[in-house]
Amino acid sequence: MNPRRKKRLLVIIAVLFGIGASIGLVLYALQENINLFYTPSELIEGKGPDKEKPQIGQKLRIGGMVVPGSVIRNEQSLQVSFKLIDTGPLVTIKYQGILPDLFREGQGIVAQGVLVEPNVIEAFEVLAKHDEEYMPAEVAEAVKGIKHEKPKYNLDSGS
């Protein structure tokens with residue numbers, strides 16, 4: 001192999017290595033910022049064909065309907081706790097802050113936060129729907145077929 005081709009080959013290999021290293025570093029940096037969307041059923045039962053559940057400490061987004069009568073506000077602080085439902089189990093959301101003006105019971109919301117227990121999320125952001133016609137696409141897909149009526153379970157017994 002003549003020296004000119006050898007030099008060209010080394011430059012091409014160096015460029016490909018640099019591009020590969022850059023892509024690897026970008027993916028590694030984005031790994032911390034990825035937050036997957038779950039519904040309450042997917043969170044408890046698992047998501048996808050493998051029924052993969054998120055790990056404690058994982059950042060995620062969750063969407064569903066706020067269960068009527070489940071909103072508990074701390075009178076000394078801005079701590080709020082409420083339950084979300086789709087078609088299955090309940091998930092508790094704990095939030096420290098001021099809820100959006102459009103937040104209310106029986107309404108679809110999306111919360112972003114960290115999973116602290118298998119069915120408890122500590123949210124750092126709560127988003128409420130914009131008006132009567134709008135619902136986030138993920139929530140609309142998750143709650144398809146749910147009639148907006150009072151649940152038939154007793155909140156005191158937790159079932």
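Begin with contacts (heavy atoms within 4.5 Å). Count those in the protein between residues at least 6 apart in sequence: 57% join residues at least 24 apart. This is a predicted model, where local features need pLDDT of at least 70, side-chain atom pairs count only at pLDDT 80 or more, and totals for chains, interfaces and linings use all residues. Residues are numbered from 1 along each chain as its sequence is written, and side-chain values use heavy atoms, with hydrogens and water left out.

**Whole chain.** Switch to cartoon. The protein has three helices and seven strands, where helices (H or I, at least four residues) and strands (E, at least two) are DSSP runs numbered from the N terminus. From the N terminus, the order is α-β-α-β-β-β-β-β-β-α. Now show the surface. The accessible area is about 10,800 Å², with 57% of it on carbon and sulfur atoms; the method is Shrake-Rupley with a 1.4 Å probe, and for residues only the protein chains shown count as cover. Of the 159 residues, 30% count as buried, meaning under 20% relative accessible area (1.4 Å probe, protein chains only).

**Residues 3-31.** Select helix α1. Its 29 residues reach 42 Å from first C-alpha to last, close to the 42 Å expected at 1.5 Å a residue; the expected span is 1.5 Å times one less than the number of residues. Zoom to the start of α1. A side-chain oxygen of N2 comes to within 3.0 Å of the backbone nitrogen of R4.

**L84.** Next, select strand β4, residues 79-85, which holds L84. Is L84 buried or exposed? L84 counts as buried because its relative accessibility is 0%. Leaving out residues up to four places away in sequence, L84 touches P40, V91 and I109, among others. I62 is also in touch with L84.

**Q112.** Move to strand β6, residues 108-117, and pick Q112. Q112 has 16% relative accessibility, so it counts as buried. Show side chains: a polar contact of 2.8 Å joins Q112 and E125. Such a contact is a pair of N or O atoms within 3.5 Å; within protein, one must be able to donate a hydrogen and the other to accept it, and residues adjacent in sequence count only if both atoms are side-chain atoms.

**Confidence.** Finally, colour by pLDDT, the predictor's confidence in each residue, from 0 to 100. The mean is 81, and 78% of residues reach 70 or more. Over residues 149-159 the pLDDT is below 50. Where pLDDT is low, the predicted coordinates should not be read in detail.

Definitions and conventions
Buried means under 20% relative accessible area, exposed over 50%, partly exposed in between (1.4 Å probe, protein chains only).
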